[in-house]
Amino acid sequence: MKPTSFFFITLVLHFVISISHAPSVNSQTDSCSSAPSINGISFDITNFQCSSVWDSQGFILRYKQTKTQVWSFVLSAPDNNGYIAIGFSRQGSMVGSSAIVGWGGSNRSIKQYYLGGQDSSLVDPDQGNLVVISDTSSVTTQSSRIYMAFQLNTTQPETKLLYAVGPQGRPPSSPDFRLVQHDTMVSTIINYLSGDQSKTSQPYSRLRRSHGVLNMLGWGVLMPIGVIVARYFKQFDPIWFYAHTSIQSGGFILGLAGVICGLVLKDRIKADVPTHKSLGIVVLVLGGLQVTAFLARPDKTSKVRKYWNWYHHGLGRVMIALAVTNVFYGIHLGNAGNEWNAGFGVVLALLCIVAIVLEFRKWARK
């Protein structure tokens, strides 16, 4: 097996195996049907409204307007030795909102953060638009759950709430208390009177989906299929050539449309994703170079054809590797969930299996 083929197959396998799955949570130690006795909270939580706000992560929110312009909250969740957060947003998006973040352990604390962007450097501790009543905030852990209590001075809290779970075992720490990016989050809207809460779609959700699907299909699915056709079906000349160029052209067009959607999306939501953007542009440039190489390919009898083949094949594999990396990274940045990771991973796994089988058949015939 040639090194380039082995590299391509190994790389795809690496991405498939590295797909992460969210751990299951157990919220049986707290529920809205019970009134737990929670130590360390400075205000009475009797008769609080209770809502199971995020079932998959075991988040339970208790709240009540305890005084004029005073709203009291207690958020509980399974303790993963990371942080939990609740954000109050005017538009339902993370950027521009203010959040209360708490974590347990020996350095337990609770802080307000201003979410100025998706990069951790733009998330500022001890900043935000919430008026938190001093000496009422606390964090406590019991029965494998973390309880975060605080009071806000406001006539009416924002009804669009965000919830997030930080990476396991990575709470903020001194001296700067910067947040690492959350593992997962959800955007909701709540009716404080009834306690009813529902998930909300992210702003520009259709544009987000188009950006992801187009790039996934173009760079991450069609391009590898085109490589498979070119490597293993040359006995069907010239059909393989027309199939290869058609598939790669379709992949490039879809990928180009996906990159354009991404640039428009970045401008509209003011996302700060320099790595994702840079990888996308590199992939697009490499794709453009492949198109140029195709138009300028030398004749089969030319002495430089061998070097052109090395260039064309090597550049294509690098482009696909970077594209697959960026697709998974984009799924992570967009909090699209493990369903997207699993779906894309399954497609890559099938393509990888097909490539392995065809590679063995090719070498068996020699």
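Alanine 77 has a partner across the sheet: isoleucine 146 in β9 is its bridge partner. That contact belongs to the pairing of strand β3 (residues 70-78) with strand β9 (residues 145-153), which is antiparallel and runs over 9 bridges. Keep in mind that this is a predicted model. The protein chain holds 6 helices and 12 strands, and its 366 residues are 43% buried. Along the principal axes, the C-alpha atoms fill a box of roughly 85 × 40 × 40 Å.

**The sheet around β9**

- β3 and β9 sit in an open sheet of 5 strands, ordered β1-β2-β3-β9-β8 with antiparallel pairing.
- At the edges you'll find β1 (49-54) and β8 (138-142); each has a single partner strand, so one side of each has no neighbour in the sheet.
- Going from one strand to the next, the twist averages 20°.
- Next to the pair of alanine 77 and isoleucine 146, you can look for serine 76, which stands opposite tyrosine 147 in β9.
- β9 is mostly covered, with 8 of its 9 residues buried.
- β9 also pairs with β8, in the antiparallel sense and over 5 bridges.
- In that pairing, valine 139 stands opposite methionine 148 in β9.

**The turn between β8 and β9**

- The hairpin of β8 and β9 has 2 residues between the strands, and serine 143 takes a positive phi there, near 55°.
- Serine 143 is not a glycine, yet its phi is positive.
- Serine 143 has a relative accessible area of 49%, so it counts as partly exposed.

**The other sheet**

- Another open sheet has 7 strands, in the order β7-β6-β5-β4-β10-β11-β12, again with antiparallel pairing.
- Its edge strands are β7 (123-125) and β12 (197-199), and each of them pairs on one side only.
- Neighbouring strands here are turned by 30° against each other on average, if you ignore direction.
- At the β7 end, 3 bridges join that strand to β6 (residues 109-115), and the two run antiparallel.

**The loop between β10 and β11**

- Histidine 182 lies in the loop between β10 (160-165) and β11 (184-190).
- With a relative accessible area of 8%, histidine 182 is buried, because buried means under 20%.
- Histidine 182 and glycine 166 are 16 residues apart along the chain, but their C-alpha atoms are separated by 4.3 Å.
- Proline 175 has its place in this loop too, and a cis peptide bond joins it to serine 174, with omega about 10°.

**Other backbone spots to check**

- A cis peptide bond also joins aspartate 237 and proline 238, with omega about 5°.
- You'll find proline 238 in the loop between α2 and α3.
- Asparagine 47, in the loop between α1 (3-17) and β1, has a positive phi of about 65° although it isn't a glycine.
- Asparagine 47 counts as exposed, at 65% relative accessibility.

**The second largest pocket**

- The second largest pocket has a volume of about 1100 Å³.
- It is lined by 36 residues, and those lying nearest its centre are Ala230, His244, Trp308, His312 and His313.
- α5 gives the most, with 11 residues.
- By type, the lining residues divide into 14 nonpolar, 12 polar and 10 charged.

**A closer look at α5**

- How far apart are the end C-alpha atoms of α5? They are 41 Å apart, which agrees with the 42 Å that its 29 residues should span at 1.5 Å a residue.
- After α5 comes asparagine 335, whose phi is positive, near 50°.

Key
Residues numbered from 1 in each chain as written. Predicted model: local features only at pLDDT ≥ 70, side-chain atom pairs only at ≥ 80, totals over all residues. Heavy atoms only, no water. 1 Å grid on protein atoms, 1.4 Å probe; cavity = no way out; pocket = protein on both sides within 12 Å on 5 of 7 lines; lining within 4 Å. Points joined across faces, edges and corners; volume = space filled by probe spheres on them. Helix = DSSP H or I, 4+ residues; strand = E, 2+ residues; numbered from the N terminus. Nonpolar A, V, L, I, M, F, W, Y, C, P; charged D, E, K, R; others polar. Expected span 1.5 Å × (residues − 1). Pairing = 2+ DSSP bridges. Axes fitted to C-alpha atoms, helices over the stretch in contact; angles between N-to-C directions. Buried < 20%, exposed > 50% of the residue type's maximum accessible area, 1.4 Å probe, protein only.
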